[in-house]
Amino acid sequence: MATNEDQLKKVIAHAKEYGFVFQSSEIYDGLSAIYDYAQNGSELKNNIKEYWWTAMVRMNENIVGIDSAIFMHPTTWKASGHVDAFNDPLIDNKDSKKRYRADVLIEEFIGKIEAKIDKEVKKGIKRFGDDFDVKQFKATNPNVLRNQEKIKAISDPFKEAMSLEDLEGVRQLIIDLEIACPVSGSKNWTDVRQFNLMFGTELGSVAGDAAKIYLRPETAQGIFVNYLNVQKTGRMKIPFGIAQIGKAFRNEIVARQFIFRMREFEQMEMQFFVKPGTEMEWYNHWKDARIKWHKSLGLGEDAYRFHDHIKMAHYANAATDIEFKFPMGFKELEGIHSRTDFDLKAHEEHSGKKLKYFDNEENKSYVPYVVETSIGLDRMFLAILSNALHEEKLEDGSERLVLKIPAPLAPVKVAVFPLTKKDGLPDKARDIIDELKIDYNCQYEEKDNIGKRYRRQDAIGTPYCLTVDHQSIENNTVTIRDRDTMKQDRVAIADLSKIIGEKVNLRNLLR
Ligand code: GAP
């Protein structure tokens, strides 16, 4: 596949053609950065949710799940800091009229220097193999040191300008670094302005009496305001976690790159409540647990990296991103934040209600600290889809498009094909589906030759195709064809459930 951009385009085209993702309201020319999940996409999305929920809630005795409302009391967002601080600094290029996030322009500039360092390191690894000491190389190589100096000379003033909300300082950095607009190529920039990302609406039917409320920009606050309800009714003991999956909304300045940055999206978040002073221990625990969860999918050990934040969110004292190698490069997939007691304390102050936990062992009350894991469901979907799409040349010279989605997450697990439409083969195929369909999402297909049917199922990532032929009627066997190896075996119909389960069961990922 030629370039990264081409690869993303291919993923977008494939997602549409094979019923994964459609542009929202497409018949009206769509709505910017809003997407609908189609028949295969919603299955994949549900499977990702199940993978996360099972790993998070079912497999951890001390984590429970909730489903809180999208609309919350407006004071929630004052307390959380979102009304005052959930802003992005935006800047326009006067020539192209394109709008950018000023901080992202600078971060991308830094990213290019980091890429140069990575390149030097890769060269060393290639040359010296296992003997290559990356740490020592980074500490001594003159090119690397020079580039590290450059990064520091940018990131120090950048960090300071961002934390002081010195927008003129941020603009000056863009000018000093001679960052040009990727569209016009010009350095003709406007001032930097703050832009609040929350969508507002009105509660109540009479406009004059209506209260301004917001569509939640993160699901986490629904957890914080329910923390004591859950702790008491669930008799939870610290440390414990509350998880939820739900929609969040942000009026993103630059909403590009398909479902990577959307204005309506879904988050899978977990807040872990801990004793103050133990938060770094738990922060490291969750960093470790989450990267393991990702790597279990087998998308590649080198597909992930941690990226510690330069600009910390207003609530965090430590924060890192798990970045994934998307077609557009390494980008944030999940955030892990040590949120201190910022949120609970703020809700105490604004609501006037005590949100303290009584620790029996310590015989004292305190406001717990919180470590959060927050992953974008749509980004996880894009990570899986883009990693799965392969164009393969086959031995006979033909080509196939195959989605090598991890089998337990595949939208359709089994496709069943009667070889012909007569001689009782369709009925036999439907009997097999009736047996399997409670455990596995099955699809029946009788149109076109078997080769074409295989191609269609490969393109949506179906791990197994079963063909029912005349022998099936005689001795209750079928051929089973594996998506990845394309090997076919004849097996007893009675063994199908077990054989299929060995590959597509979620247990394989969670074990
Ligand atoms: N509660 C913490 C929080 O919301 P965040 O880093 O702003 O932190 C968490 O968001 C995750 O949500 C991100 O890592 C990303 O995967 C996803 N996310 C954030 N904004 C998004 C958007 N506009 N479109 C799609 N996913 C988004």
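Author: A crossing is called left-handed if the near helix is turned anticlockwise from the far one by less than a right angle, and right-handed if it is turned clockwise. In this predicted model, local features need pLDDT of at least 70 and side-chain atom pairs count only at pLDDT 80 or more, while totals for chains, interfaces and linings use all residues. Residues are numbered from 1 along each chain as its sequence is written, and side-chain values use heavy atoms, without hydrogens and water.

Helix α5, residues 102-128, packs with helix α8, residues 167-176, at an angle of about 40 degrees, and their axes are 10 Å apart (helices are DSSP runs of H or I with at least four residues; axes are lines fitted to C-alpha atoms over the stretch in contact, with angles from 0 to 180 degrees between N-to-C directions). Because of that angle, α5 is oblique to α8 (under 35 degrees is roughly parallel, over 145 roughly antiparallel, 65 to 115 roughly perpendicular, and the rest oblique). The crossing of α5 over α8 is left-handed. From α5, Ala 102, Leu 105 and Ile 106 make the contact, and from α8, Val 170, Leu 173 and Ile 174 (contact means heavy atoms within 4.5 Å). Of these contact residues, 6 are nonpolar, with no polar and no charged ones (Ala, Val, Leu and Ile are among those that count as nonpolar).

Key:
Helices (H or I, at least four residues) and strands (E, at least two) are DSSP runs, numbered from the N terminus.
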